[in-house]
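Here's a quick briefing to read alongside the chain. Have a look at the model first, then we'll start with a pocket.

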Amino acid sequence: MYTPEEAIEELEFASKQLGFKVIMVGGLMRPAVPAVVEEQPEAAKLAEWFDASGSDSDHDYDPVCRSAAS
């Protein structure tokens, strides 16, 4: 899960089009490093950081949980 928006799209695809009923989500997310993406796009695939899905994250993962529960 790189962004909450991407995760929601994948959840909808997996459940509605593929018919999946169960998901597994890890505790650490691996989003791209924005500074590297902007300054060195060719190196962006090599740079990553780990983001916990807790309250101190830069992203709000609550919509993902709500989407998975529905």
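The lining of the second largest pocket splits into six nonpolar, three polar and three charged residues. Here Ala, Val, Leu, Ile, Met, Phe, Trp, Tyr, Cys and Pro count as nonpolar, Asp, Glu, Lys and Arg as charged, and the others, Gly among them, as polar. Keep in mind that this is a predicted model, where local features need pLDDT of at least 70, side-chain atom pairs count only at pLDDT 80 or more, and totals for chains, interfaces and linings use all residues. Residues are numbered from 1 along each chain as its sequence is written, and side-chain values use heavy atoms, with hydrogens and water left out.

**The pocket**
- About 190 Å³ of space lies in this second largest pocket, the volume being the space filled by probe spheres set on grid points joined across faces, edges and corners.
- α1 and α3 (62-69) are the elements that each give two or more residues to its lining, and α1 has the largest share, with five.
- Among the lining residues are Leu11, Glu12, Phe20, Lys21 and Ser67.
- A pocket is an open set of points on a 1 Å grid over the protein atoms alone, where a 1.4 Å probe fits, with protein on both sides within 12 Å along at least five of seven lines; lining residues have an atom within 4 Å of a point.

**The overall chain**
- Three helices and two strands make up the secondary structure, in the order α-β-α-β-α along the sequence.
- Helices (H or I, at least four residues) and strands (E, at least two) are DSSP runs, numbered from the N terminus.
- The C-alpha atoms fill a box of roughly 40 × 25 × 15 Å along the principal axes.
- Of the 70 residues, 19% are buried; buried means under 20% relative accessible area, exposed over 50%, and partly exposed in between (1.4 Å probe, protein chains only).

- Leucine 18 sits in the loop between α1 (4-17) and β1 (28-29), and is partly exposed because its relative accessible area is 46%.
- Serine 57, in the loop between β2 (51-52) and α3, counts as buried because its relative accessibility is 13%.
- Lysine 45 belongs to the loop between α2 (34-39) and β2, and counts as exposed because its relative accessibility is 73%.
- From lysine 45 to alanine 7 it's 38 residues in sequence and 19 Å in space, C-alpha to C-alpha.
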